[in-house]
Amino acid sequence: MNIRSLLAVIVFIIVVLVAVPVLIAKSGRWDFYYTLTSVALLSIASAGVWFTFYIGRINIGQGAYALAGGYVSAVLVMKADMNFWLTLPLAGIFCAVLSVFIGMPILRLRGVYFAMVTLILTEVMRLAALALPVTNGAKGITSIPLPGAVSIGGVTLLPDFNTLENPKLAFYLVSATLMIICYGVLWRIVNSRLGHLCRSLQQNEELAASIGVNISWLRVLAYSISSFFGGIAGAMFIAVSQSIYPSSFQVADSVNFMLNCFLGGLGYVFGPMLGTLVLYFGWDLLFSTGKYQLLIYSSMIILLILLLPNGILSLGLFNRKIKADKHRDQEGQ
Amino acid sequence: MEQILANGLYLGAQYALIALGLTLIFSLMNVLNFAHGQMYVFGGFVTYTVVVQFGLPFIVGLIASAVTLAIIGALIEQYLFRPVIRKSQREESTMLLAAGIAFFLDAVILLLFGEKQRGVPKIVDGVFNWDFRIIMPYDRILICGLAIALIASFILFMQYSKAGRAMRALAQDRVAAQLMGVDVNRYSMLGFALGAMLAGVVGGLLVTITGINLGMGGPTSIKAFLMIMIGGAGVISGAIAGGFILGMMESVGLTALSAYGDITYLVIFASLMVFLAIRPQGLMGKPWG
């Protein structure tokens, strides 16, 4: 990591954690907190989708894990009376373990087959949430209490959200921090040995296997990491909205997670974050157009993909290396 | 027992017709058409408009559905998929485009036809009753017969007509087909139009029985995906087999598992996972799609 990118990261963190709240306080648009919290959480789930793409699989099933994570957290908070902050990692771990069992058979599939089966998975998770006794069926679980306090050795790390005068701001800060941590972890993974191995899977699985990469283990590992992201995003989302229904995350959400990644650009770790921001804000801003909202939104997606089929970040404003690569490719042909 | 089998056959014929369109588009262009369910809903609404609002006979509505959807499909292929496939570095971009089109069609359906559940009055009255072993309304039998006739004519078309042969060649190997003088662009467009048309026709057929509403698009796409997972993507016989198998499983499941609540699709999916672990390419698919 060189000085310039380190500087960029520090600027980004300051903007997200300091500048945005100050600007919102100045402008008085308190509703932006909810929007931005959603963007942060959805971009964590999208990061998971992005990482599955990194091993060459198109994952349209992230909604399933977000729903599962949300239910795990909600049930543990309501029935077992646990602290929410403890259920957050548990939800992630539950999803990771679940994805190992689901992933082992389906990760043998490739391309469109894998995409289809993960899409079906979202619908199945919704049906499971409807059918299982612990999830309270279609009525869902409502009025989940706000997260409690966390203290280690007498030092309060996070206050009880009930005592805060502005829980929206607190949720925003927590979600944004969570997003920064997740993307940091993702960036670290991608630039580690594990990341290089994953890239080899994306390019050619047989070749990777033939030089001794344990591809089946690696696939399951990558898939469970991505599901972990989905699980904690779902759990956090449920804490913000304080309720969960089987329809909280459905097929359209899974498709949206995928759209976020594609639109941001699949070649870039921070692509899904940008894609989520653009898509979610675009959807929100179009709210005033009433019944034409979906029409304008979908037309914009179609136009974007027509004009920029390789994602927003492929514009090359952000990365000169891409242009160099392209140039090299053209010379090679 | 006979009743369950008859229901399964009836469902399977509808499902097979939906899966045929999806698998045709997939085999020709390697595009997973997310908008297939929406095309089905659109077809249903066109039939409803022609039959109920204009008061024309049912068969006119069906033809109107077929023609409308064929035109929509051809336009989508010509102006959306073709440029994106040409420009994109990754073929997955078409998936994004298909998802965008699914949202777009949803929006168009909402604006044109509204969000109410719509239906067409029964085309034939009366109920077929064989000694209380099979009870089935005549209109269902008629729809089932029409669906099977359509499947048969589709197979004949693909097998013996010049266009059908060209499309099969395209599905086997795009470059080789082009070298043999097949007009790739023309037949891609024709194939997409045909796939969309099939979705529209099923919509038109089923609007007489189950009715149609805006929310049916997504679940229909998912069912169609299930079918081509079972049968193997891009293979016509596989789509038909998948459709009938899913129809049977649904029919049997709804009866046998009704005591345990609404878990038929959970069971179907669990068995699909086991099946895919043994045979990832489906019943008749090519390995690795």
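Guide: Reading along the sequence, chain B runs α-α-α-α-β-β-α-α-α-α-α-α-α. That comes to 11 helices and two strands. Keep in mind as we go that this is a predicted model.

Let's start with the overall build. The C-alpha trace of chain B spans about 60 × 50 × 35 Å along its principal axes. What about its radius of gyration? A compact globule of 289 residues would have one near 19 Å, and chain B has 19 Å, so the two agree. Of the 289 residues in chain B, 55% are buried. Now take the contacts in chain B with a separation of 6 or more: 74% of them are between residues 24 or more positions apart.

One is B:Thr264, which sits in helix H11 of chain B. Its relative accessibility is 5%, and buried means under 20%, so B:Thr264 counts as buried. Leaving out residues up to four places away in sequence, B:Thr264 touches B:Met249, B:Glu250, B:Gly253, B:Leu254 and B:Leu257.

The other place is B:Asn30, found in the loop between helix H1 (2-29) and helix H2 (36-53) of chain B. Have a look at the backbone here. Most residues other than glycine have a negative phi. Phi of B:Asn30, however, is positive, near 60 degrees, and this residue is not a glycine. With a relative accessible area of 32%, B:Asn30 falls between the 20% and 50% cut-offs, so it is partly exposed.

Now for the partner. Chain B and chain A bury about 4,200 Å² between them, and 81% of that is on carbon and sulfur atoms. Which parts of chain B do the touching? The elements giving two or more residues to the side that touches chain A are helix H3 (58-87), helix H4 (93-113), helix H9 (217-231) and helix H11 (264-278) of chain B. H4(B) gives the most, with 13 residues. Sorted by class, this side of chain B has 34 nonpolar, eight polar and five charged residues.

Counting both sides, the contact takes 47 residues from chain B and 46 residues from chain A. How many salt bridges are there between the two chains? The count is zero. As for polar contacts, the rule finds one residue pair across the interface, with both residues at pLDDT 80 or more.

A:Ser224 is in helix H9 (residues 215-241) of chain A. At 10% relative accessibility, which is under 20%, A:Ser224 counts as buried. Not counting residues up to four places away in sequence, A:Ser224 touches A:Ala96, A:Ser99 and A:Val100.

A:Ser143 lies in the loop between helix H5 (111-131) and strand E1 (150-152) of chain A. Its phi is positive, about 45 degrees, although A:Ser143 is not a glycine. With a relative accessible area of 60%, which is over 50%, A:Ser143 is exposed.

Conventions:
Residues are numbered from 1 along each chain as its sequence is written. Chains are lettered from A and ligands numbered from 1 in the order in which they are written. This is a predicted model: local features need pLDDT of at least 70, side-chain atom pairs count only at pLDDT 80 or more; totals for chains, interfaces and linings use all residues. Side-chain values use heavy atoms; hydrogens and water are left out. Contact means heavy atoms within 4.5 Å. Buried area is the accessible area (1.4 Å probe) that two parts lose on being put together, summed over both. A salt bridge is a side-chain nitrogen of Lys or Arg within 4 Å of a carboxyl oxygen of Asp or Glu. A polar contact is a pair of N or O atoms within 3.5 Å; within protein, one must be able to donate a hydrogen and the other to accept it, and residues adjacent in sequence count only if both atoms are side-chain atoms. Helices (H or I, at least four residues) and strands (E, at least two) are DSSP runs, numbered from the N terminus. Ala, Val, Leu, Ile, Met, Phe, Trp, Tyr, Cys and Pro count as nonpolar, Asp, Glu, Lys and Arg as charged, and the others, Gly among them, as polar. The radius of gyration is taken over C-alpha atoms; the globule rule is 2.2 Å times the number of residues to the power 0.38. Buried means under 20% relative accessible area, exposed over 50%, partly exposed in between (1.4 Å probe, protein chains only).
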